[in-house]
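Hi,

Here is the structure I promised to pass along.

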Amino acid sequence: MFFLLLTVCSYLYQFQKLGDDDNEREFSSTDYPNLGMSDPSMPLPRAHFRPRPLDNLILADEIDSLDPIIDSKVMNILPNSDTPQIFAACGRGARSSFRTLRHGLDVEEVVSSDLPGIPNAVWTTKIREEDSYDSYIILSFVNGTLVLSIGETIEEVQDTGFLSSAPTLAVQQIGSDALLQVHPQGIRHVLADRRVNEWRVPQGRTIVSATTNKRQVVVALSSAELVYFELDLEGQLNEYQDRKAMGSTVLALSIGEVPEGRQRTPYLAVGCEDQTVRIVSLDPESTLETISLQALTAPPSSICIADMLDSSIDKFQPTMFVNIGLQNGVLLRTVLDPVNGQLTDTRTRFLGTRPVKLMRVQVQKNPSILALSSRSWLNYTHQQLLHFTPLIFETLDHAWGFSAELCPEGLIGIAGSVL
């Protein structure tokens, strides 16, 4: 298949055939004496042809073109924008236009809805591990939790086993067919038959941060202690016998996804108020032991561990990255060595003026990172290279991955009181 791109005309044509089978008369210099050079002063017979519609080419696409750009300016005059835009005067005569160019990925909004209040977090979850699409949207408010079911319509449901009278800190589809809700006073493990196993925090303490995957749960208490839970082969969530005192208030936690064929992921990242991130072991032989430490320039606001392919580091295997969002709007991306748990090759990027929030999402079935600050950014793999690109969309306060039949790989976000 061949393509012909004409940028000036903004049309993309596809070759259907080479014109070998048409009945058009062909003209060649060999048809004339001495190849048409016998007497240069004598005019040559004219080669006639009839104009007709396209037969060998078909219009495949029309591409927006800036040609010709008469003048342009780089300025920042749009409201709520912290990056410059390019303003260009394009074309001539009746085809002239004024264009605004912004760097980023375009976002198509599918639906929006007003909410009864302003949520402080949003999640989606499947009911069973084998499900193809999400079943619930969970919205956390200051004084409660709202659960919405996803179907032909989105409506509130009451019989999910979730505690609705408290805010939610984490949601997870755990095991093969169970759900997990973490709230400030404990953990609710909702089984497939709607029975609920609940773990309550010690008196006088609350859960301030949590991180989960399909087999592991870690929560941080207001006493700066870490409590670790792991799912056994019978589907029971068991607490590790010892708790880890961090010595500083825990602000953020993250564990990666469980590798295929494994029972657990071996590392936990803990961000503390003393402006450090510590890598803690979850291996059975050294559970909750600190392996490495990295100092930060500001307190952390969010942490996210993800295995992502970047051929500039490793062409064949995904690299384990620890993404650290700071309260000053800076993002640190550092490599976590899967063998010894050490942090190396730290890179820095300024994302915006608000504390950074991080969450794992899927882009073309590959793990990606969504980063929210005064702008929204997407860290994703394209052509085996890691890209970090802003989204051309209004500022999101919270977001999560969303998968439905009509939108297999989407995002669900909160902007103020709008879903």
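**What I found**

Ser373 counts as buried, because its relative accessibility is 1%. Bear in mind that this is a predicted model. Ser373 sits in the loop that runs between strand E30 (366–372) and strand E31 (376–382). Its side chain reaches the backbone oxygen of Arg354 at 2.7 Å. Beyond its neighbours within four places in sequence, Ser373 is in contact with Gly329, Leu351, Gly352, Thr353, Arg354, Pro355, Val356, Thr395 and Leu396.

Arg354 turns up again in the surroundings of Asp397. Not counting residues up to four places away in sequence, Asp397 touches Arg354, Lys357, Leu372, Ile414, Ala415 and Gly416. You will find Asp397 in the loop between strand E32 (385–392) and strand E33 (398–404).

**Two other buried loop residues**

Thr168 lies in the loop between strand E11 (154–156) and E12. With a relative accessibility of 4%, Thr168 counts as buried. Which side chain does Thr168 join in a polar contact? The partner is Thr145, at 2.6 Å. Thr145 is also among the residues in contact with Thr168 once neighbours within four places in sequence are left aside; the others are Trp123, Ser140, Gln181 and Val182. Thr168 and His183 are 15 residues apart in sequence, with 4.6 Å between their C-alpha atoms.

Val258 is in the loop between E21 and E22. It counts as buried too, since its relative accessibility is 9% and the cut-off for buried is under 20%. Leaving out residues up to four places away in sequence, Val258 touches Asn213, Lys214, Arg215, Gln216, Gln263, Arg264 and Thr265. For Gln216, the C-alpha to C-alpha distance from Val258 is 8.5 Å, and the two are 42 residues apart in sequence.

**Salt bridges**

How many salt bridges are there? The count comes to 14. Here are some of them.

- Glu257 and Arg360 form one, with their closest N and O atoms 3.4 Å apart. This pair links distant parts of the chain: Glu257 is in the loop between strand E21 (250–255) and strand E22 (267–272), Arg360 is in strand E29 (residues 357–363), and they are 103 residues apart. Glu257 is partly exposed, at 45% relative accessible area, and Arg360 is partly exposed, at 22%.
- Arg243 and Glu239 meet through their side chains at 3.1 Å, N to O. Arg243 is partly exposed, with a relative accessible area of 33%, and Glu239 counts as partly exposed at 31%.
- Arg347 and Asp345 meet at 3.4 Å, N to O. Arg347 has a relative accessible area of 43%, so it is partly exposed; Asp345, at 38%, is partly exposed as well.

There is also a network: Arg188, Glu198 and Arg200 are joined by salt bridges that share partners.

**The nonpolar cores**

Which members of the largest nonpolar core touch the most other members? Of its 18 residues, they are Ile187 and Val219. Strands E12 (170–174), E13 (178–183), E16 (207–212), E17 (216–221) and E18 (225–231) each give two or more residues to this core. Another core lies apart from it, with 17 residues that include Ala252, Ala269, Val322 and Leu336.

Back to Ile187: leaving aside neighbours within four places in sequence, its contacts are Leu180, Gln181, Val182, Asn197, Glu198, Trp199, Ile207, Val217, Val219, Phe229 and Leu237. One of those, Glu198, belongs to the salt-bridge network mentioned above.

**On the surface**

Finally, a nonpolar patch. Met75, Ile77 and Leu78 form it on the surface, and together they have about 260 Å² of accessible area. Ile77 is in the loop between strand E4 (69–75) and strand E5 (85–90). Is Ile77 buried or exposed? At 54% relative accessibility, Ile77 counts as exposed, because the cut-off for exposed is over 50%.

Cheers

Note on methods. Residues are numbered from 1 along each chain as its sequence is written. This is a predicted model: local features need pLDDT of at least 70, side-chain atom pairs count only at pLDDT 80 or more; totals for chains, interfaces and linings use all residues. Side-chain values use heavy atoms; hydrogens and water are left out. Patches are made of residues with over 30% relative accessible area and no salt bridge: like charges are joined within 9 Å, nonpolar side chains (Val, Leu, Ile, Met, Phe, Trp, Tyr) within 5 Å. Accessible areas come from the Shrake-Rupley method with a 1.4 Å probe; for residues, only the protein chains shown count as cover. A salt bridge is a side-chain nitrogen of Lys or Arg within 4 Å of a carboxyl oxygen of Asp or Glu. Helices (H or I, at least four residues) and strands (E, at least two) are DSSP runs, numbered from the N terminus. Buried means under 20% relative accessible area, exposed over 50%, partly exposed in between (1.4 Å probe, protein chains only). A nonpolar core is a set of buried Ala, Val, Leu, Ile, Met, Phe, Trp, Tyr and Cys residues joined through side-chain atoms within 4.5 Å. Contact means heavy atoms within 4.5 Å. A polar contact is a pair of N or O atoms within 3.5 Å; within protein, one must be able to donate a hydrogen and the other to accept it, and residues adjacent in sequence count only if both atoms are side-chain atoms.
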